[in-house]
Amino acid sequence: GCDYFFSMSQDHGFAPTAEHYNCIIDLLGRAGRLDEGEYLVNNMPHECTSRMWMTLLSACRIHVDVERGNRVAEHIFKLDPDNAAPYILLSNIFAASGKWDDSEKMRKLMKDRGLKKHPGCSSIEVKKYYA
């Protein structure tokens, strides 16, 4: 995946879009290459969105990287203060690392700020109808 990403500009002269960067951040994060993912977020030519930081925070949850998770979450809190997702992810990172007090503090902070997690929803299309 990384080879294709970098060959876009080096071999084909095509500048990767912000969406391409988000995909490579996700790829690196899932592979446990969080240092590279964070470097890319901090040094890409596009303005970093809360979505990109959320992608990296999700990888921190998968790999239980508490220190990086804290750092990444702070960026999201500044960019998207009304989003409950980073609070929940960070709380889950704390819980997975056995830091139960920090996990509870994060949930309380979310509640104090009046943030609620919106329930997930899925749909599928069957013969042009959604179910």
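User: Let's start with a helix pair: what is the handedness of the crossing of α3 and α4?

Analyst: Keep in mind that this is a predicted model. In it, the crossing of α3 and α4 is left-handed.

User: Which residues of α4 make that contact?

Analyst: The α3 side brings L34, G37, E38, V41 and N42. Facing them from α4 are W53, L56, A59 and C60.

User: Are α3 and α4 roughly parallel or antiparallel?

Analyst: Their axes are 11 Å apart and meet at an angle of about 165°. Anything over 145 degrees falls in the antiparallel class. That is why α3 and α4 come out as roughly antiparallel.

User: Now α6 and α7: how far apart are their axes?

Analyst: Helix α6 covers residues 85–96 and helix α7 covers residues 100–112. They pack at an angle of about 165°, so the two are roughly antiparallel. As for the spacing, the axes of α6 and α7 are 7 Å apart.

User: Which residues of α7 make the contact with α6, and what is the make-up by class?

Analyst: α6 passes α7 in a left-handed crossing. On the α6 side the contact uses Y87, I88, L90, S91, N92, F94 and A95, and on the α7 side it uses W100, D102, S103, M106, R107, L109 and M110. By class, the contact of α6 with α7 has nine nonpolar, three polar and two charged residues.

User: What span should helix α5 have, and what is the distance between its end C-alpha atoms?

Analyst: Helix α5 runs over residues 66–79, which is 14 residues.

User: Which helices do the buried residues of α5 pack against?

Analyst: The buried set in α5 is V66, R68, G69, V72, A73, I76 and F77. As a reminder on geometry, an α-helix has 3.6 residues a turn, so residues three or four places apart point the same way. The partners of the buried α5 residues are α3 (34–43), α4 (50–62), α6 and α7.

User: Is T55 buried or exposed?

Analyst: T55 is found in helix α4. Leaving out residues up to four places away in sequence, T55 touches N22, I25 and D26. Its relative accessibility is 14%, and the cut-off is under 20%, so T55 counts as buried.

User: And what is phi of V64 near?

Analyst: V64 lies in the loop between α4 and α5. With a relative accessible area of 34%, V64 is partly exposed. V64 isn't a glycine, yet its phi is positive, near 50°.

User: Zooming out, how many helices and strands does the chain have?

Analyst: Along the sequence the pattern reads α-α-α-α-α-α-α-β-β. That gives seven helices and two strands.

User: What percentage of the chain's residues is buried?

Analyst: The C-alpha atoms fill a box of roughly 50 × 45 × 25 Å along the principal axes. Among contacts between residues at least 6 apart in sequence, 50% join residues at least 24 apart. Of the 131 residues in the chain, the buried share is 37%.

Definitions and conventions: Residues numbered from 1 in each chain as written. Predicted model: local features only at pLDDT ≥ 70, side-chain atom pairs only at ≥ 80, totals over all residues. Heavy atoms only, no water. Axes fitted to C-alpha atoms, helices over the stretch in contact; angles between N-to-C directions. Helix = DSSP H or I, 4+ residues; strand = E, 2+ residues; numbered from the N terminus. Parallel < 35°, antiparallel > 145°, perpendicular 65-115°, else oblique. Left-handed = near helix turned anticlockwise from the far one by under 90°. Contact = heavy atoms within 4.5 Å. Nonpolar A, V, L, I, M, F, W, Y, C, P; charged D, E, K, R; others polar. Expected span 1.5 Å × (residues − 1). Buried < 20%, exposed > 50% of the residue type's maximum accessible area, 1.4 Å probe, protein only.
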